[in-house]
Amino acid sequence: MSSNFIEKGYEPHDVEKRWYKFWEEEQLFAASEEETQKRSYSIVIPPPNVTGVLHMGHALNNTLQDILCRYRRLRGDNVLWMPGTDHAGIATQNVVEKNLATKGIDRHQLGREKFIEAVWEWRKEYGDAIINQLKRLGASCDWRRERFTMDEGLYRAVRTVFVQLYHEGLIYRGNYIINWCHRCHTALADLEVEHAEHNGHLYHIRYPFEDGTGGLVVATTRPETMLGDTAVAVNPDDKRYQNIGHDRVRLPLMNRMIPIIEDNYVDTSFGTGALKITPAHDPNDFEIGKRHDLPNVKVIGDDGIMTADAGRFTGLDRFKCREAVVEALEKEGLLEKVEDYNHNVGHCYRCKTIIEPNLSKQWFVKTGPLAEKAIQAVKNGRTKIVPDIWTKTYFDWMNNIKDWCISRQIWWGHQIPAWTCSTCEEVIVALEAPEICPSCGGSNLVQETDVLDTWFSSALWPFSTMGWPENTPLLKTFYPTSVLVTGFDILFFWVARMMMMGIHFMKDVPFKDVYVHALVRDEAGKKMSKSTGNVIDPISIIEKYGTDAFRFTLAAFAAQGRDVKMSEKRVEGYRHFINKLWNAARFAMMHINKGFNVLHQENLSLPDRWIISRLHRVTAKVSDALDNYRFNDAASALYKFVWHEFCDWYLEAIKPALYGKKGKAQQEASVSVLWRVLKDTLVLLHPFIPFVTEEIWHKLPGTEKSIMQATFPTALSDDVEAESKMDLITGIITGIRNVRGEMNIPPSMNLDVIIQSQDDAQRETIERHQDIIINLARLKTLLVSHRGERPKASATSIVNGASIFVSLEGIIDFSRETNRLEKEIDKLTKELSTVSNKLKNEDFLNKAPEDVVAKVKAKQGFFLEKLQKLQSNLDRLKALEA
C-alpha cells in the first residue's frame, strides 16, 4: 500500500498513468485460457479501424465493455476481453494512397507488392494510435492477445472459411449488378452505400414504335443509361398498354430495335407506366432481364467513362454524357418534358462519390442457408438482443437478406485464394497456391487479384481471434462469448454476419447477448459531424477533466434505446462528483488512520445502521442493473448513494461521534462502519471510475493488493426499521431547511422549532435522535409534543404526519420582507411580459434562428417558475402575519 496521506485535491493525469502502468505490469487484465473453477466471461472488442482515432462512439462502446469486464472480475469471473484492430481495406488503402500522393507517387507506379509493403510500413508506424487512446480510456483488455485482421492466424482462418464455403457451394462467382465506386475502383455491398436526397430531374423520353409512329414515353433520372436499354416493359394489367398493336420500339439516339415486354414488377403509378430496362445498370432491371432473357449492354465503364457500346457518346464522363444525351434528345424532338424531382442517390460510404449500379463479375456468399440458422438462434433465445427493439429490425433484415458481394477491387486486404488456369480456364480454390492445374496439368496459374470485403474477416472475429481453425484451449474456455457490445449502425454489417459464420463453423452462436447502445450526440441531440462543427474530442475531454469523470458521464447517460447527449458541462458536473468522493475519502481517512476495528454490530447508531442498509440496497441495485445492461441505472444509484446518502447525510450525522462527543464506544463503532462503507463503495464504483478508486484504495488502511483483485460486496438483508426512522429524521431536517430557504433565513441563525405528532412511536424516534436534528438543522431549541395549537408567527412543514413549526418571531421583519417580495414580483412580471410579447411576435418566430427562439422560451419558463415561487412565498408570509 502507498502512503495513507491523501492530498487536498485530486489531480487525475499522473494518477491515471501510474495505475495503468501498474495494472499492465501486474498482468491484472490477463485471462487464464485453461478452464478453472472460476466462471468464464468473455467479450471480443469491435475492432477499430487501424486508421482510426478515438471518437465518441468508440469511447462509449469501450467504456461500457470495460465496466462489464471490471465488474465481472470483481465478481470472481475468469474474464477475457479480446482486443484487436481491423485492417479496414478501402479506408487504409485510401490513407496510404493519399500519403504517397504527397510524395508524387502513384500505387500503380509502385506495383502491388511494393504498395502492400508500404501499407504494412504505415501500419507499423501509425497503427497503434487508437490502441494507445483506448488505454487512456482505461480499457482493461488482455493486450498480450491483441489481434489484427491481417495477422498470420487470421489469414489462415479467412482462407479456411473461404475454401470451405466455396466447396460447400456457398461461395460462387458470377455476373451481377453491384454498387460500383469509380473513385475507389471497387464494388460495395448494399450496406456500404449511403443514401442522400438529391434535387434532380425526371426526364420523359419518347421511344418511337418500329414503324416510326407514336411511341412509348418513359421517365428516368439517369438518361445516359438509356444507351444500354434492351427493352421497354409495361405491366400486363395496365389497360393503357393492352392492344397497342406494336411489339418493338426504336431506341432513341442508338437506332436499334428493342422489344416491348410485359412484367408485373412495373409500377403503373410511376411516370407513364412504361419502364426502360437497362439490365447492365440497374439491379431491378437486371432481374427483369434474367426473367426475359435480355442481353446486358454495359455502356458505363468501371472508370465512369462511356464504353464503345455507347455509340457516339463513347469516351465521355458519365455526367457529361447525361448533358450530351439530353441535348441530343431535344434536337431530335424526343424529350417530351423535364420535371424537378427529389430522390435518394447512393454514395460510397468512404469517399462519398455517387455510386453506379454496374454489371460486373464478382464473388458472392450465398447467405440464405446461413441466415436461416442465425434467425432461429435469436428466435429460440440462444442469442438475446438488448434492448429488444432491435430484435424486430434484425429479423426484418435477415428475412430479406441478399447474397453478399465479398470481392473488392483493391490491393490491401485478404487476396482471394482462387487461381485460374491460363490453359483451360479451370478455377482452383485452395488453401495454398497450387503448382499445377488438376484439370489439364498446366502450370500457368494466375491468382484472383480481388481482395475480400473487410467485413468478411471481421465476421470470423469471435472465433478466429481465439485460434480457430485449431481447437485451442482459449476456444474451449471462452467460446461462445458472453456479450457483444456494439452500436446499432453495424448490427447488419457485422453482428448478423458473425452470427451466420459462428453458427456455421463453430456449431454455436458467437455470443449469448448482444447489447446495442445508441449514438453519442451533442447536447442539442444533433449528430456530431466535422461539417457541423459540433464534434467533441474524447482525448481533449480526458485531458481537461480526467478519464473517470468522462467515463462516468458516458455511463450515466447510457440509457437503453436513448441517444447520449454529450456536453462538456455534463463532464464538468461529474468531475465535481469525483472531487466529492475524493474529499469524502480524505475526511474519512483523518479518522480511520487513527485506528479502526473490523465492523461488529454492537454500539451502532441509527445513522450507522441506516448507511449499512443503504449500502446493501445500492449493491443489489448495481448488480441487477449491470447484469441487465442498465448502465445508467447503476451509475445513477451510485451517484445518489455517494453524494446524497453517504456524504450529505451519513458523514454529517456521525461527525459528533467521530470527534468523540458521544463516547469512545460510539466513536469506534462509527469509524468501523465508515471504513467498511468507504471500502465497499470504492469497489462498487471501480468499474465506472477505475483510476480514482485505485488511488484511494491504496491509501485506505486494511486493503490488500489492487482494487481489481477485490471482491464485489454481497447485498445482505435491509434494515427496514433503521431506514424508516432515518427517513423520518432526514425528512424533518429537510422540511426545516426548506422553510429556512423560502424565508431567506441565513444558515448561521439558529432556530426554535416545535414538532407535534400524535404517533407515540414517531415522537419516541424524534426525541431519541433529536441531537441529529438539532445539529443538522441548526436549531436553538427543539420541543416535541403530542398536540397543541399552532404557534403564532411560525412557518409550517408536514413530514410523515408530523407537524413542524419554525418560529419566525424576531427573525423576520414581516413588513419589510413583504415589501421586498412585492417589488421583486413587480419587476419580474414586467420582464416576463417583455419575453412573452416577443414569443407572440410571428415575425420573430419565423425569422430568428431555432436556438435563439429556444433560449427565449427557456427564459420565459424560468421567469414563470420564479414568479410562482415568489408569489407562493408572499402568500405564505401574509398568512403568517394574519
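Residues are numbered from 1 along each chain as its sequence is written, and side-chain values use heavy atoms, with hydrogens and water left out. In this predicted model, local features need pLDDT of at least 70 and side-chain atom pairs count only at pLDDT 80 or more, while totals for chains, interfaces and linings use all residues.

Secondary structure was assigned from DSSP runs, numbered from the N terminus (helices: H or I, at least four residues; strands: E, at least two). Accessible areas came from the Shrake-Rupley method with a 1.4 Å probe, and for residues only the protein chains shown count as cover. Residues were called buried under 20% relative accessible area, exposed over 50%, and partly exposed in between.

Helix α15 spans residues 491–506. Of its 16 residues, 15 are buried. K507 follows α15 and has a positive phi, near 60 degrees.

A surface patch of negative charge gathers E113, E117, E121 and E125. Patches are made of residues with over 30% relative accessible area and no salt bridge; like charges are joined within 9 Å, and nonpolar side chains (Val, Leu, Ile, Met, Phe, Trp, Tyr) within 5 Å. Asp and Glu count as negative, Lys and Arg as positive; His and the chain ends are not counted. The place of a charge is NZ of Lys, CZ of Arg, CG of Asp or CD of Glu. E113 sits in helix α5 (residues 112–126). E113 counts as exposed because its relative accessibility is 64%. An α-helix has 3.6 residues a turn, so residues three or four places apart point the same way.

Salt bridges (a side-chain nitrogen of Lys or Arg within 4 Å of a carboxyl oxygen of Asp or Glu) number 56. One of them joins E543 and R136, at 3.2 Å from N to O. This pair connects distant parts of the chain, 407 residues apart: E543 belongs to helix α16 (residues 538–545) and R136 to helix α6 (residues 129–136). Both ends are partly exposed, E543 at 42% relative accessibility and R136 at 27%.

D302 pairs with K298, and their closest N and O atoms are 2.9 Å apart. D302 is partly exposed at 32%, as is K298 at 22%.

R609 and D719 also meet in a salt bridge, 2.9 Å from N to O. R609 lies in helix α19 (residues 606–627), whereas D719 lies in the loop between α22 (690–699) and α23 (720–742), 110 residues apart. R609 is partly exposed at 25%, and D719 likewise at 23%. Through shared partners, salt bridges join R614, R617, E645, D718 and E723 into one network.

The whole structure holds 38 aromatic pairs. Rings of Phe, Tyr and Trp (its six-membered ring) pair if their centres lie within 6.5 Å; planes under 30 degrees apart are stacked, over 60 edge-to-face, and the rest tilted. Y172 and F364 are stacked, 5.5 Å centre to centre with 15 degrees between the planes. Y172 is in strand β5 (residues 171–181) and F364 in strand β14 (residues 356–365), 192 residues apart. Y172 is partly exposed at 24%, but F364 is buried at 1%.

The rings of Y515 and Y629 are stacked because their centres lie 5.6 Å apart and their planes at 25 degrees. Y515 is in strand β23 (residues 511–517) and Y629 in the loop between α19 and α20 (631–658), so the pair ties together parts 114 residues apart in sequence. Y515 is buried at 1%, and Y629 is buried at 6%. Ring pairs also link F552, F557, Y574, F577, Y639, W643 and F688 into a cluster.

Definitions and conventions: Buried means under 20% relative accessible area, exposed over 50%, partly exposed in between (1.4 Å probe, protein chains only).
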